[in-house]
Amino acid sequence: MMDHKDPTTEAPPDDPASNRTIRLQVIWTRLISVVEEQARLLMRTAFSPTVREAGDLSAGVFDTRARLVAQAVTGTPGHVNSMAAAVGHFLDAFPIDTMRPGDHFITNDPWLASGHLHDVTVVSPVFRNDSVIALLACTCHQVDIGGLGQGPDGRSVFEEGLCIPRLPLARAGEVNQDLLDIIRANVRQPDEVIGDILSYIGANEASARRLIAMLDEFGETGLDSVANDIIDRSSAAMQRAIARLPRGRYRYAMRIDGFDSPVDLVAELEVGEGRIRVDFDGSSSASHRGINVVLNYTRAYTAFGVRAAIAPEVPNNAGSLEPIDITAPVGSILNVERPWPVCARHIIGQFLPDVVFGALAAILPEEVPAEGASCIWGAQLRGGAVAAMAAGEDAGSAGQSFETLFFNSGGAGARAGEDGMSGTAFPSGVKSIAAEIVESNYPVVIWRKELRCDSGGAGRWRGGLGQSLEIGTVDGAPFQFFGMFDRVIHPARGRNGALDGLAGRVALDDGTRMAGMGLQTVPRDRRLCLDLPGGAGIGPATERERESVETDLRLGYISEGCAVSDYGFDAGRTVPCRKIDQG
């Protein structure tokens with residue numbers, strides 16, 4: 001929605017300014033409908049289940065200055081906020097006055113767009129007569145883009161897949177077949193990848209028609225005038241939100257697992273005059289494995305954390321993003337340069353909102369959650385001859401060849417006044433892919449998927465629960481998985497006397513422990529077991545309401561042992577836990 005106006009400055013109902021505000025609000029909601037339809041078209045026409053089922057995408061409309069005006073509700077902060085910067089890079093290569101109707105442009109360059117090669121961005125001009133009046137853009141995840149596959153094992157970006165520089169995907173309605181042939185020759189699932197890319201063209205073109213019809217309805221010849229009003233209002237609302245905060249500098253540090261050594265994320269957040277600065281000086285140096293983050297992606301998730309905490313109702317666009325300054329030292333794990341490996345950049349990037357929340361907890365303790373699982377646990381699986389040989393078998397004994405990815409989520413941190421959300425993809429926002437979808441498309445069986453008892457950190461407000469999964473192949477054939485799992489060693493930390501969330505665990509069904517990071521092989525007739533981490537709690541566990549403990553016990557969220565040891569609960573006593581006075 002648009003930001004709420006101060007009622008003391010609201011114009012009278014018959015004032016032209018008031019009528020203009022109402023008209024702008026209607027146009028704004030229609031713009032959101034246009035880009036949300038764009039996102040839904042992507043989901044309905046995509047071949048990849050990560051887009052079709054999980055919504056691992058972004059969609060947005062930009063003005064002719066490459067400023068983000070509106071984004072779809074469906075999508076991830078990492079995609080949309082990095083896309084907000086990416087469109088400007090396209091205009092550097094393809095100026096507006098060189099574009100023609102039917103043009104579409106493409107890249108997956110990590111440093112220009114969404115931070116790794118597995119995200120493809122397509123930008124399309126919107127024409128009225130002979131003039132470009134707007135730009136539509138989308139970014140979507142590809143399960144495979146060649147190279148080693150999506151995992152943290154690469155030593156440079158050149159090992160991680162095919163890089164598509166800024167190129168025309170279509171010119172004047174003619175698809176760049178040479179480019180599609182190159183892509184087809186470099187990926188493991190060519191039909192799926194090419195089908196996805198063509199669906200991006202279709203979604204952008206359909207949304208362009210919808211945008212023009214909407215502007216015609218309101219008598220607008222272009223988008224720029226409306227964009228100026230929306231962006232200016234959003235910027236002013238964001239600056240008002242910042243002005244309500246006490247000035248000062250606030251620091252926070254978090255240690256997470258990393259690949260082969262721990263990673264320290266250190267932030268200093270400074271609240272100034274209408275602006276917020278976040279500096280990550282002191283964070284770990286770049287890793288030799290593909291968990292590094294490009295600055296564009298660091299900015300995307302950091303800005304999301306700031307906005308979610310202090311101004312969640314202000315529209316996400318160029319106006320609300322502009323007052324946030326984000327820096328990280330070149331060569332740190334949060335600002336690597338080409339050709340450092342970046343394939344699994346989401347592992348680190350998705351922790352950044354929690355780092356921001358930790359810094360803001362000093363001034364907004366009632367509004368920011370405790371630490372959570374944060375990093376989504378994507379199960380990237382590979383089967384076939386390569387997996388059989390990795391298991392020490394003859395390639396002829398291999399099962400069906402496949403490559404798939406499905407998402408699973410741990411627990412979110414508790415919030416002041418509320419327990420953390422269980423099995424929730426925060427901050428990425430992607431949906432889980434149903435077991436039935438995975439099993440109907442690939443020779444995979446998800447034998448078990450359930451909430452993980454005792455995984456939420458005990459507290460007055462309990463952390464959200466993680467999940468437990470057991471995964472195998474239909475015929476018991478060996479398969480490989482790319483470990484991209486953090487918080488196996490360093491759990492989410494409790495706040496104000498609460499306990500930590502339970503750390504994650506990666507193992508085989510016979511108890512053999514597996515590493516949280518890297519490409520690994522599950523032998524024949526064995527299954528992969530993933531126990532996802534839980535979110536941390538807030539406040540002492542002994543202050544939790546008795547009824548809440550009893551409910552958690554009844555639902556299986558906590559065990560009797562946890563109720564006794566962590567909450568001081570004794571079913572034989574009249575008042576096993578101190579009951580909170582509700583006033």
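## Starting with one bridge

Two strands pair if DSSP finds at least two bridges between them. S12 and S13 pass that mark, as seven bridges join them and they run antiparallel.

Before going on, a word about the model: it is predicted, so local features need pLDDT of at least 70, side-chain atom pairs count only at pLDDT 80 or more, and totals for chains, interfaces and linings use all residues. Residues are numbered from 1 along each chain as its sequence is written, and side-chain values use heavy atoms, with hydrogens and water left out.

## The sheet around S12

Which strands make up the open sheet that has S12 in it? There are four, in the order S13-S12-S16-S18, and the pairing is antiparallel. S13 and strand S18 (517-522) stand at the edges with a single partner strand each, so one side of each has no neighbour in the sheet. On average, neighbouring strands of this sheet are turned by 20 degrees against each other, direction ignored. (For such angles, axes are lines fitted to C-alpha atoms, for helices over the stretch in contact, and angles run from 0 to 180 degrees between N-to-C directions.)

What holds strands together in general? Strands of a sheet pair through backbone hydrogen bonds, either parallel or antiparallel.

## A second sheet and a hairpin

Another open sheet has four strands in the order S8-S9-S10-S11, and here the pairing is mixed. Strand S8 (248-256) and strand S11 (324-327) are at the edges; each has a single partner strand, so one side of each is left without a neighbour in the sheet. Inside it, strand S9 (residues 263-271) and strand S10 (residues 276-279) run antiparallel and are joined by four bridges. Leu269 has Val278 in S10 as its bridge partner.

Elsewhere, strand S6 (residues 167-171) pairs with strand S3 (residues 104-107) in the antiparallel sense over three bridges, and Leu167 in S6 is the bridge partner of Ile106. S6 also pairs with strand S7 (residues 174-175), again antiparallel, over two bridges. There, Ala170 is opposite Val175 in S7. The hairpin of S6 and S7 has two residues between the strands, and Ala172 takes a positive phi near 50 degrees in this hairpin.

## Rings that meet

Now for the aromatic side chains. Rings of Phe, Tyr and Trp (its six-membered ring) pair if their centres lie within 6.5 Å; planes under 30 degrees apart count as stacked, over 60 as edge-to-face and the rest as tilted. By this rule the model has six aromatic pairs. One of them is Phe357 with Phe426, a stacked pair at 6.1 Å centre to centre and 20 degrees between the planes. Phe357 is in helix H10 (residues 352-360) and Phe426 is in the loop between strand S13 (402-408) and helix H12 (435-441), so to speak distant parts of the chain, 69 residues apart. Are these two residues buried or exposed? Buried means under 20% relative accessible area, exposed over 50%, and partly exposed in between (1.4 Å probe, protein chains only). Phe357 is buried at 3%, whereas Phe426 is partly exposed at 27%.

Trp377 and Phe485 are stacked too, with ring centres 4.6 Å apart and planes at 20 degrees. Trp377 lies in strand S12 (residues 377-383) and Phe485 in the loop between strand S16 (479-484) and strand S17 (505-508), so this pair ties together parts that are 108 residues apart in sequence. Trp377 is buried at 0% relative accessible area, and Phe485 is buried at 2%.

Phe304, Phe357 and Phe426 form one aromatic cluster.

## Zooming out

The protein has 14 helices and 19 strands. Of its 583 residues, 59% count as buried. The C-alpha atoms fill a box of roughly 75 × 70 × 40 Å, taken along the principal axes.
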